[in-house]
Amino acid sequence: MSRHTRERGQVLPLVAICLTVLMGFAAMAVDVGYLQYRQHQQQSATDAAAIGGASALLSAGCPSPSNATTAAQSDASSNGYTNGSGTVTVNVSNAPASGPYSTDNCAVDVQITSPHATFFSNFFMPSSWKGKETTEAVATIAADANGCIYLLDQTQQFQLNGTNLNAASCGVLSDNNRVQINGGTITVGSFGYAGTDQLNGATFPLASPMQMLPVNDPCPNISGCAYLAANPPTTTSCRSYQLNGGSGSILPGCYSQIQVNGGTLTLGAGTYELTGQLQINGGSVSGTGVTVYAAAGGSLQSNGNPLTLIAPTTGSTAGVAYYQVPGNTNLVQYNGSNDDISGLVYAPSAQGQVNGSSGSYVVLVFGTMQLNGGLTLAGPAPGQSIIRQVVLSQ
């Protein structure tokens, strides 16, 4: 027997070893790629859960661990990570137990842990390499939106006739199908419109109108507005009130009508439910810490008379001066040069006719607006917007 014949079979073990190594590397490459994909998928689900948990706090208030946990775990489940399913855990903390957001009662920390899933490398990896993947995300609520005029009705037209609109530190966002501006000076921090525009001789010292996608109703991102939408006050045992001179004062409750024909009316702090009209034909009306809730038949009309409505700064209706229920199309009108509205004026299905000046920060939400005179609006101080937004922080 020749020497070459005796050595011929010695190559087979070497080939087998090489194939085993190559198959091991191939298996690990497949599984590592899959693990990276699963890690990215799990992180996305964790981010969404944290945002969902923080979003729940917009209406529930901060802190609210139970609401945050329910919302976060529901979002995680919809993305394939159900707490307690197999060895999956979804842990939610409001506020986070540690880290830079541990003192933020509006922050929600979510940690999702799930087992590694592999196809081939189980045959090549030692058991000590196998384990679970944990991803983490923190979301919180920021108050940084600077919009001060929202027009939501996509079937209406927004028309400004010779208007001097001064809102240098806040923005206009219009979903109306057409914006028509006939002269005037429009000094705004930003001006977005989702329909078409017709500009006839207007000047824009700061921001010119720019096309944008339609915006959503900001109510869910304003704590007091979200609360009223979810918890409408009762409108029973309503009474009527009329002032024809002198001075008067009323307390919160339900009113079928409030009419002021002269004199000075003071509103005590609290919530006023209206089934009819708040009408000022003469004299003045003022209230601090006041929310006016206009039900299906309610409305606001002030014809050049001083109107002061300062929204509550705390409590369930914080930030809301006037709330007119969606579907109520009654005109909202106040045209006094000495008006001072602080907070949200919300009538998403109605037309607003607002002229004059507001020295306090105000957000106007209407179906559409018509401005025929001058309007000055103060924007929010940095970080003081009543429109709160959920942001992914970590």
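Colleague: Where in the chain does T163 lie?

Modeller: T163 sits in the loop between strand 5 (157-161) and strand 6 (164-174), where strands are DSSP runs of E with at least two residues, helices are runs of H or I with at least four residues, and both are numbered from the N terminus. This is a predicted model, in which local features need pLDDT of at least 70 and side-chain atom pairs count only at pLDDT 80 or more, while totals for chains, interfaces and linings use all residues. Residues are numbered from 1 along each chain as its sequence is written, and side-chain values use heavy atoms, with hydrogens and water left out.

Colleague: Why is T163 called buried?

Modeller: Buried means under 20% relative accessible area, exposed over 50% and partly exposed in between, with a 1.4 Å probe and protein chains only; T163 has a relative accessible area of 0%, and is therefore buried.

Colleague: Which residues is T163 in contact with, leaving aside its neighbours within four places in sequence?

Modeller: With contact meaning heavy atoms within 4.5 Å, T163 is in contact with G183, G184, T185, I186, L371, N372 and G373.

Colleague: How many aromatic pairs does a search of the whole structure find?

Modeller: The search finds 4 aromatic pairs. Rings of Phe, Tyr and Trp (its six-membered ring) pair if their centres lie within 6.5 Å, and planes under 30 degrees apart count as stacked, over 60 as edge-to-face and the rest as tilted. F158 and F191 form a stacked pair, at 6.4 Å centre to centre with 25 degrees between the planes. This pair links distant parts of the chain, with F158 in strand 5 and F191 in strand 8 (residues 185-193), 33 residues apart. Both F158 and F191 are buried.

Colleague: What makes the pair of Y323 and Y346 stacked?

Modeller: The ring centres of Y323 and Y346 are 5.0 Å apart and their planes are at 25 degrees, so this pair is stacked. Because Y323 lies in strand 18 (residues 320-324) and Y346 in strand 20 (residues 340-354), the pair ties together parts that are 23 residues apart in sequence. Ring pairs also link Y293, Y323 and Y346 into a cluster.

Colleague: Why does Y323 count as buried, and why does Y346?

Modeller: Y323 counts as buried because its relative accessibility is 3%, and Y346 counts as buried because its relative accessibility is 2%.

Colleague: What share of the residues in the protein is buried?

Modeller: Of the 394 residues in the protein, 45% are buried, and the protein has 4 helices and 23 strands.
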